Amino acid sequence: MLDDFVTRAIVAGLMVAVVAGPLGAFMVWRRMAYFGDTVSHSALLGVALGFLLGMNLNLLVTLVCVMVAVILVFLQRRQELASDTLLGILAHSALSLGLVAVAFVEGLRVDLMAYLFGDILAVTRGDLVAIAIGGGVALVLLILLWRPLLAITVHEELARVEGVPVLPVRLGLMLLIALVIASAMQVVGVLLITALMIIPAATARRFARTPEQMALFGAGFGVLAVLGGIWGSFTHDTPTGPSIVVAAMLAFVVLNFVPWPGARRRRGP
Amino acid sequence: MFGATRPARSAHGQDGSALIQAEALGLERGGRTILDRVSLSVSGGQVVVVIGPNGAGKTSLLRILLGLWQPSSGRIIRAPRMRIGYMPQHVQVDPILPLSVRRFLTLRHRASEARLREQMRKVGVPQLLDAPIQTLSGGEMQRVLLARALIGEPDLLVLDEPAQGVDVVGQGEVFDLIDRLRRDTGCGVLMVSHELHLVMAAADVVVCINQHVCCTGRPEEVSRHPEYQRLFPDAGAQGIGIYTHNHDHVHDLAGGAKPVSGVSGKADHAR
């Protein structure tokens, strides 16, 4: 069954969507969209390093993303530059550094487009195993961290006084983001990963009454986007990664701006 | 963080030993002295209020006592296994996060349905248990924050400007509530406030700080202290101006200290 490249693409996409949706909810709640973008842009640096050192790409991408995320958190804490300025500098610097680093790797002719926008139809059985491991670890981590993460998202100081170990939880979140980026890179590419996390979660908000519902619905909308995108890509011969994001965007627009019987108003005062 | 079993509350503070004791706390930030040898202590059943002008280091002191910041000098002694209930000054939950009051209350401490209902009844908003937290008014949010601080059965309640963003009548109610809770549960209360008139009425001990401790003692002592009068020159008139509007208020210490003046109405409207 996994012999078919379309089947492999669907399985890979579904595995990524199931963890990207719930994690995306946290990124939306914690206003980390741009943060996620910055970290995912640095993934290309991990790819270049992986080729240079001849090591496992997923592993190095995860490592580089964790490092960049941790550095970002500490830079943000210094507050000498506004957060968006800092992220604006680092997002594009990381991407450019990655592109330059890839060019430096001798004798390497990589298909850059595949890393930037994803190449889900080229997913191998080995890739599936890697995605399953990375995504599985991320999912378990997310479930373990769920309550403390929610507590520090609502009010970090209050959580700290109540005994939540804030620093380990935040580092855990960084590891989570890095793991998901490494897994999702092949599906939608480093430039579009954040979309696969943010858009399904944002779509889910209107239908959710609890944080858990929003996470689950986010996973559901992510699954729909992957299926819709692969189908669209297959029938209309469009690039698969961007097609998945377009499908997610369509769901967001239709479900948020078209009147929907029974949907709850979400605006606070 | 704390174990499941806990000693009877009388083990903490009620016999006069301190729940928390700060000794000569100092804090320097960027070469500036924020706090200079500040000492204070809170025992069970006691309400200690820290007042001071803006920039006096009230919030810094609170953060150090809560363990959020490390002091540059001095030390803090906490009673063993003491539980702190903290009510921050301001909590705003983004509308993008679907969160009911019920979930908010149990983010850290799980609690039975009966206990949740009891806490919400205590703070006077039982009907809001399943409301989305973003729909609460300022005063309702203060009450819910207080309920959350109480869920963990604290030995020490730490309140940062508990009447912030609440209208004048609501302020009186919040302080009444704190006073009642203190008497019901026997917990110690440490609060920071600039609502001098109300604070004076609720406090057992007032600590007036301006980097260092200017004066400390019972409210009526502090209000007569020259250092206090220098820091808050118009505190008396302003305090009474607001206080006269709380006709049903049971505390009369602050009101009794000074005669009602003609500017009271004006002072009230100016706020």
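View 1. In chain A, 76% of the contacts with a separation of 6 or more are made by residues 24 or more positions apart, where two residues are in contact if their C-beta atoms, placed from the backbone, lie within 7 Å. This is a predicted model, in which local features need pLDDT of at least 70 and side-chain atom pairs count only at pLDDT 80 or more, while totals for chains, interfaces and linings use all residues. Residues are numbered from 1 along each chain as its sequence is written, and chains are lettered from A, with ligands numbered from 1, in the order in which they are written.

**View 2. The helices of chain A.** Chain A has 12 helices and zero strands, these being DSSP runs numbered from the N terminus (helices are H or I with at least four residues, strands are E with at least two). The C-alpha trace of chain A spans about 60 × 45 × 30 Å along its principal axes.

**View 3. The interior of chain A.** Of the 269 residues in chain A, 48% are buried, meaning that 20 or more other C-beta atoms, placed from the backbone, lie within 10 Å of the residue's own.

**View 4. The side of chain A that touches chain B.** Here 25 residues of chain A are in contact with 22 residues of chain B. The elements of chain A that give two or more residues to this side are helix 1 (5–29), helix 7 (125–154), helix 8 (156–161) and helix 11 (211–236). Helix 8 of chain A gives the most, with five residues.

How values were computed
A residue is buried if 20 or more other C-beta atoms lie within 10 Å of its own, exposed if 12 or fewer, and partly exposed in between; C-beta atoms are placed from the backbone.
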